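Visitor: Hi, could you walk me through this structure?
Guide: Happy to, here it comes.

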Amino acid sequence: MATERTLSIVKPDGVQNGHIGHVLTVFEAAGLRIAAARLVHLTSAQAGAFYQEHAARPVYGELVDYMTSGPVLLLVLEGDQAVARNRELMGATDPAQAADGTIRKLYAESKGRNTVHGSDSAASAAREIAFFFSQAFDLT
Ligand code: ADP
Ligand code: MG
């Protein structure tokens with residue numbers, strides 16, 4: 001057992017389309033515990049800083065605009081191999097490439113409006129969790 005934590009975000013389309021409940025059910029059914037959660041409407045500064053690694057990509061401006069278009073649900077998931085498990089449950093970035101049964105296959109509208117974010121490595125997870133959540137206050 002390699003217990004890990006990872007950051008998940010239910011993106012604006014997922015919140016607006018009423019998929020929070022099912023997304024949480026998918027995580028819990030897969031054995032991932034919800035270790036922290038917060039619903040927020042990100043500012044452009046916050047979304048821009050969170051996605052700083054993508055700042056040079058053409059899609060960056062569109063991504064920041066989209067991620068600030070409505071509330072998002074920030075989640076810390078915890079469980080065995082949580083980083084990889086969450087990525088499996090999410091499916092590929094492009095819903096046309098996402099495997100059957102994945103969250104993005106079910107709900108994503110496009111490569112951009114793709115319902116969920118998930119950390120892509122243990123290092124990303126540590127950085128992303130620390131960006132949104134405080135060890136002293138939010139996480140036990
Ligand atoms: P993932 O979220 O699967 O880890 P990336 O880290 O490559 O994917 O991209 C971050 C986010 O940027 C994607 O989830 C998506 O919202 C957006 N994005 C990536 N590529 C595109 C694209 N070609 N067109 C529109 N949005 C994109
Ligand atoms: Mg990514």
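What follows is a chat about the ligand and its pocket.

Guide: One thing before we start: this is a predicted model.

Visitor: What lies 2.5 Å from an oxygen atom of the ligand?
Guide: That is a polar side-chain atom of T93. R87 also brings a polar side-chain atom, at 2.9 Å from an oxygen atom of ligand 1. With G112 the backbone takes part: one of its polar backbone atoms is 2.9 Å from a ligand oxygen.

Visitor: How much of ligand 1 does the protein bury?
Guide: The protein buries 80% of the 530 Å² that ligand 1 exposes when taken alone.

Visitor: Switching to pockets: where is the largest one?
Guide: It is the space taken by ligand 1.

Visitor: What volume does the largest pocket have?
Guide: About 530 Å³. Its lining counts 25 residues, and K11, H54, R57, T93 and N114 are the closest to the pocket centre.

Visitor: Last one: what classes of residue are in the lining?
Guide: The lining of the largest pocket has eleven charged, eight polar and six nonpolar residues.

Note on methods: Residues numbered from 1 in each chain as written. Chains lettered and ligands numbered in written order. Predicted model: local features only at pLDDT ≥ 70, side-chain atom pairs only at ≥ 80, totals over all residues. Heavy atoms only, no water. Polar contact = N/O pair within 3.5 Å; in protein donor to acceptor, adjacent residues only side chain to side chain. Areas by Shrake-Rupley, 256 points an atom, 1.4 Å probe, with all protein chains shown as cover. 1 Å grid on protein atoms, 1.4 Å probe; cavity = no way out; pocket = protein on both sides within 12 Å on 5 of 7 lines; lining within 4 Å. Sits in = over half its atoms within 2 Å of the grid points. Points joined across faces, edges and corners; volume = space filled by probe spheres on them. Nonpolar A, V, L, I, M, F, W, Y, C, P; charged D, E, K, R; others polar.
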